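Dear colleague,

Please find below the structure that I am handing over to you. My notes on it follow directly after.

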Amino acid sequence: MSISALSESWKAAMSNNIVDKPLNLAGKTYNSRLIIGSGKYRDFQENLIALEKSGAEIITVAIRRVNLGQNSEEPSLLDVISPEKYTILPNTAGCYTAKDAVRTCQMARELLDGHKLVKLEVLGDQKTLYPNVTETLIAAEQLVKDGFDVMVYTSDDPLMAIRLEEAGCLAVMPLGAPIGSGLGIRNPLNIRLILENAKVPIIVDAGVGVASDASIAMELGCDGVLMNTAIAEAKNPALMASAMKKAIESGREAFLAGRMPRRLYASASSPIDGAFF
Amino acid sequence: MHVTVNGNSHELDNNINLYQLLEQLKVGKGRVAIELNGKIVPKSQFCQHQLSNGDTIEIVQAIGGG
C-alpha cells in the first residue's frame, strides 16, 4: 500500500469516528456528563476545587432552614459556587411525601429567581434511602404541571422509569446502589433495560464509589452520572473528582466505540498461518 | 406579638414587615426564600408583608447536598 493510499484509508477511518452530541437538559447543552453534589465536604472551598477538577457544569444543592443567629456576613454556598457559572440543581433530599417535595421545589424556584430545573427525590425508608416510587410519580406529575423541569431519582425498575418519562420528566435517574453506599452499579441488567426503553436522558444517580463504577454506567450507555459521596468522602476529593472526570469520558468513548463480543473461550490475537514451529 | 420563625417562637414589636424581620434576625436577604403561613412570598414583596400575631414563617437557603 502506498503512503497516499494509507493516508486515504486513515482519513476514511477518521471520518467514521462518531462525534458525540453534548448532553442536553431543558434546552441547555453540557459538555460534561458528570453531575456532582455539594454535601459532606469539609468546606465550600474543598467543594469548589472538586467541582473545578471534575469538569462538572451542574451541581446539586439542598434546601434547608437558615440557621438564625449565625453571622449574616458569612458567605453562603451560592456565594462560593456561582449560579452564574454553574447550573444549580436543587434537590428534594429528605422529603418522604410528594407534598414536601413539591413545596421544596417551589421554595427552590423562588430562591433561585425562577429557576425551573430540579432534582426530585421522594424517599421511602430511612435505612436504605430507597425511593418511594408512588409518591415520586405523584410529585413528578404535579411539578411538570407546574412548569418545572424535573430530573427524577428513582429505583432501577425499568417500568417505573417509563412511567416517570411518560409523566414528563426530562431525565430519569435510577440508582446504581443506595445513596452514599459506594457499592457501584449493582444491577447493570436493569440499567440496560431502562436504557433500551428510554427517550429521555438516563443518568445514574447514587451508588458510585470509585471511577470504574462511573465508567461501567457510561459503558452501558447512560447519558451521565450524578455522584456526591464518592468524591466528598474520598481522602483527596480533588483527585477523585479528576479521576471521575476521566472515567466518565473514557466510559462514554468506550460505549460509542462499541464493545467486542463476549466469548466463553479464547480467540487468538496472533495468526496461526505462517508459524514456523 | 408572637411569631414562629423556622420552628422557634419569637417575640416581635407590632407593625413589622418581612423585610424588617430579616434585618432583626440578621439574615442576609440575597439568597433566601420565605414562606409566610405556607405561602411563598416573592423577594420583591418582603416590604409589603406586615406580620401578624401567630404568623408562621419559614426562611430557607441552599446548602450542601447530593
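In helix α2 (residues 44–54) of chain A, the buried residues are A:Glu46, A:Asn47, A:Leu48, A:Ala50, A:Leu51 and A:Ser54; buried denotes under 20% relative accessible area, exposed over 50%, and partly exposed in between, with a 1.4 Å probe and protein chains only. Helices (H or I, at least four residues) and strands (E, at least two) are DSSP runs, numbered from the N terminus. The cover over the buried residues of α2(A) includes β3 (34–36), β4, α3 (77–80), α9 (229–232) and α10 (237–257) of chain A. At the start of α2(A), the backbone nitrogen of A:Gln45 has a side-chain oxygen of A:Asp43 within 3.2 Å. After α2(A) comes A:Gly55, with a positive phi near 75°.

Please note that this is a predicted model, in which local features need pLDDT of at least 70 and side-chain atom pairs count only at pLDDT 80 or more, while totals for chains, interfaces and linings use all residues; side-chain values use heavy atoms, with hydrogens and water left out. Residues are numbered from 1 along each chain as its sequence is written, chains are lettered from A and ligands numbered from 1 in the order in which they are written.

I turn now to the interface. Contact (heavy atoms within 4.5 Å) links 26 residues of chain B with 31 residues of chain A. The area buried between the two chains is about 2,500 Å², with 57% given by carbon and sulfur atoms; buried area is the accessible area (1.4 Å probe) that two parts lose on being put together, summed over both. On the chain B side, B:Arg31, B:Gln61 and B:Gly66 lose the most area to chain A, together 28% of what that side buries.

Four salt bridges are counted between chain B and chain A, each being a side-chain nitrogen of Lys or Arg within 4 Å of a carboxyl oxygen of Asp or Glu. One of them pairs B:Lys43 with A:Asp113, whose closest N and O atoms are 3.0 Å apart. In chain B, β3 (33–36), β4 (39–41) and β5 (56–64) each supply at least two residues of the side that touches chain A. The largest share of that side, seven residues, comes from β5(B).

Strand β4 (residues 58–65) of chain A runs antiparallel to β5(B), and five bridges join them; strands pair if DSSP finds at least two bridges between them. A:Ala62 stands opposite B:Ile63 in β5(B).

Methods: Polar contact = N/O pair within 3.5 Å; in protein donor to acceptor, adjacent residues only side chain to side chain.
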